[in-house]
There are 2 protein chains.
Amino acid sequence: MSTTRERVSAEFKRIQNDICHALEQCDGQAKFHEDRFTDRGEALTRVIRDGKVFEKGGVNFSASSGTLPPAILDQLNVKGSEYFACGVSIVIHPQNPWVPIIHMNIRYFETELGESWFGGGIDLTPHYVDQADAKYFHKALKSTCDGWKPEAYPDFKNQADEYFFIPHRNETRGIGGIFFDHLKPETDGSFDELLKFVVSVGDTFAPTYVQLVNGKKDLEYSEANKQWQLLRRGRYVEFNLVYDRGTKFGLQTGWRTESMLMSLPKMASWEYNFIPKAESLESETLAQLKGGIDWVNS
Amino acid sequence: MSTTRERVSAEFKRIQNDICHALEQCDGQAKFHEDRFTDRGEALTRVIRDGKVFEKGGVNFSASSGTLPPAILDQLNVKGSEYFACGVSIVIHPQNPWVPIIHMNIRYFETELGESWFGGGIDLTPHYVDQADAKYFHKALKSTCDGWKPEAYPDFKNQADEYFFIPHRNETRGIGGIFFDHLKPETDGSFDELLKFVVSVGDTFAPTYVQLVNGKKDLEYSEANKQWQLLRRGRYVEFNLVYDRGTKFGLQTGWRTESMLMSLPKMASWEYNFIPKAESLESETLAQLKGGIDWVNS
């Protein structure tokens with residue numbers, strides 16, 4: 001019979017494969033390049049570049065095991081120092097500014113003492129907020145969450161609003177999505193139930209994003225639209241380097257920088273004190289970069 | 001008779017003016033735009049954009065006073081909570097990739113109990129390291145330091161090598177320069193002596209940088225040179241957002257984000273795992289992005 005780590009690993013790898021396949025099909029031109037590392041387990045860094053649809057993106061799988069240093073034991077509040085961690089992390093930056101940036105992460109952690117939990121989420125960062133797309137996206141996430149239990153979506157949606165927030169800009173990174181952490185087999189459901197939910201989140205990613213991409217990828221755009229996209233990507237960089245817990249943890253603990261920072265866009269821009277014109281699409285977008293919007297019933 | 005804060009303020013403003021004037025003359029086209037804020041003292045944010053020579057840069061003066069919250073008192077290790085802080089901060093991103101990025105900061109802090117210190121420094125980030133320029137730059141800094149005392153340059157040069165280091169890239173931000181902090185009127189010299197030194201650092205900036213700029217600003221460059229510049233700017237963004245103490249402190253304490261983040265370039269780029277060709281100018285530059293090089297005697 002398979003161990004928990006074998007089961008998670010197999011499912012997460014399958015999800016990575018399915019997502020890469022779906023995104024390659026959607027792009028129609030670029031293919032993922034894979035770098036494989038086996039120093040502390042297995043990491044499959046897959047990067048797509050200069051595609052017809054996707055300018056830069058990564059779909060990374062990693063499974064690692066080893067011994068946790070005391071400081072990290074305290075930080076994670078666990079007693080077992082022999083750990084196993086497994087995850088899939090995705091960030092996709094499209095070419096077309098009408099197509100949103102997307103991020104997904106699913107992760108599992110356990111120690112030899114049986115302490116374990118799942119975490120993850122999906123969130124969308126449109127350069128231009130489209131109401132119908134936002135509603136569609138949140139409905140898809142709600143439907144996945146409802147497949148587990150009705151309390152999940154409102155809880156995880158609020159957590160995403162809180163997590164994907166840039167204090168120094170007083171704006172959210174995008175229109176949020178779902179975010180959850182420390183879903184524990186002892187308290188939140190059986191291991192099977194939680195794995196099933198997290199896998200369903202992983203399987204929600206590709207069909208949901210591909211539909212959003214297909215609806216917008218051939219729209220024409222201006223230089224001004226492109227410039228706005230680069231500025232929004234600048235905010236994405238700020239969030240990832242200043243606040244993102246995974247990135248900070250990774251930079252501190254010496255994960256492979258290039259695998260981690262695949263999340264950064266090919267090009268980003270900063271303009272001093274750029275303020276979009278009143279009633280422009282850009283200022284309408286900014287007005288919606290705040291938490292607490294009920295997208296499903298909007 | 002002037003108070004210490006009045007004297008520092010007047011000198012630092014004069015330095016800001018002189019530097020803006022020199023950079024405008026050097027650019028020959030763009031002028032600094034000033035935003036003035038007076039909420040907690042006086043801040044003069046001056047930004048230059050889309051110049052012939054300078055793509056984006058800021059030369060900021062600020063003087064502020066107020067009451068420090070207990071957490072900051074601990075962090076600064078002071079007893080007096082009524083503070084005065086004054087500084088000039090500069091980052092300049094040139095258009096031409098052969099011209100280096102430069103950063104300067106001079107600052108003064110005091111409390112009502114007479115606790116006070118100076119800090120600052122200048123460091124250079126060439127996209128392409130030029131030996132002669134690096135030597136010239138460090139010699140200029142050494143000469144300024146020697147004007148105070150012979151121990152200053154080697155000490156402050158080492159501090160710059162340590163401070164301007166990006167651990168997750170295992171490279172320095174550039175070729176360093178000088179960095180100093182907590183120069184205290186009780187222990188390191190009289191107030192007059194320290195002010196004179198810090199002012200001399202401020203006055204070293206413009207003539208030294210303008211000479212470097214003039215030597216390179218009209219050189220032709222290729223698309224590949226430009227792309228390399230954008231990648232190096234990506235590293236600059238990483239340093240500033242992840243490690244720079246001033247930026248981190250500012251983001252935490254709610255300074256004006258746009259004034260602080262004038263340090264970020266107009267355009268920056270990230271490529272997955274970009275490795276320059278062996279023996280190229282790019283790989284020669286990378287080989288020199290480490291501390292401990294004796295540029296003056298190289």
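The model is predicted, so local features are used only at pLDDT of at least 70 and side-chain atom pairs only at pLDDT 80 or more, while totals for chains, interfaces and linings use all residues. Residues are numbered from 1 along each chain as its sequence is written, chains are lettered from A and ligands numbered from 1 in the order in which they are written, and side-chain values use heavy atoms, with hydrogens and water left out.

Let's begin at the interface. On the chain B side, B:Glu258, B:Trp270 and B:Tyr272 supply 29% of the area that chain B buries against chain A, more than any other three residues.

B:Glu258 turns up again in the charged pairs: its side chain meets that of A:Arg169 in a salt bridge, 2.8 Å from N to O. The rule for a salt bridge asks for a side-chain nitrogen of Lys or Arg within 4 Å of a carboxyl oxygen of Asp or Glu, and it finds six salt bridges across the interface of chain B and chain A. Polar contacts across the interface come to 21 residue pairs, both residues at pLDDT 80 or more. A polar contact is a pair of N or O atoms within 3.5 Å; within protein, one must be able to donate a hydrogen and the other to accept it, and residues adjacent in sequence count only if both atoms are side-chain atoms.

Which pieces of chain B make up this side?

Strand β10 (residues 267–269) of chain A is joined to β10(B) by three bridges, and the two run antiparallel; strands pair if DSSP finds at least two bridges between them. In this pairing, A:Ala268 stands opposite B:Ala268.

Now step inside chain A. Strand β6 (residues 116–125) runs antiparallel to β9(A), with five bridges joining them, and A:Phe118 stands opposite A:Leu183 of β9(A). Strand β9 (residues 177–183) is largely enclosed by the rest of the structure, because five of its seven residues are buried. Buried means under 20% relative accessible area, exposed over 50%, and partly exposed in between (1.4 Å probe, protein chains only).

Two histidines of chain A are worth a stop. A:His103 sits in strand β5 (residues 101–111) and is buried, at a relative accessible area of 15%. Its side chain makes a polar contact of 2.8 Å with the side chain of A:Asp123 and another of 3.4 Å with that of A:Arg173. A:His93 lies in strand β4 (residues 82–94) and is buried, with a relative accessible area of 0%. The side chain of A:His93 reaches the backbone oxygen of A:Ser263 at 2.9 Å. Beyond four places in sequence, the contacts of A:His93 include A:Tyr236, and those of A:His103 include A:Tyr236 too.

A:Asn273, in the loop between β10 and α9 (281–287) of chain A, has a positive phi of about 50° although it is not a glycine; A:Asn273 is partly exposed at 28%. In chain B, the loop between β10 and α9 (281–287) holds B:Glu279, another non-glycine with a positive phi, about 60°, and B:Glu279 is exposed at 74%. B:Ala132, in helix α3 (residues 131–146) of chain B, is exposed at 53%. B:Ala132 and B:Ser298 are 166 residues apart in sequence, yet 9.2 Å apart in space, C-alpha to C-alpha.

Terms used:
Helices (H or I, at least four residues) and strands (E, at least two) are DSSP runs, numbered from the N terminus. Buried area is the accessible area (1.4 Å probe) that two parts lose on being put together, summed over both. Contact means heavy atoms within 4.5 Å.
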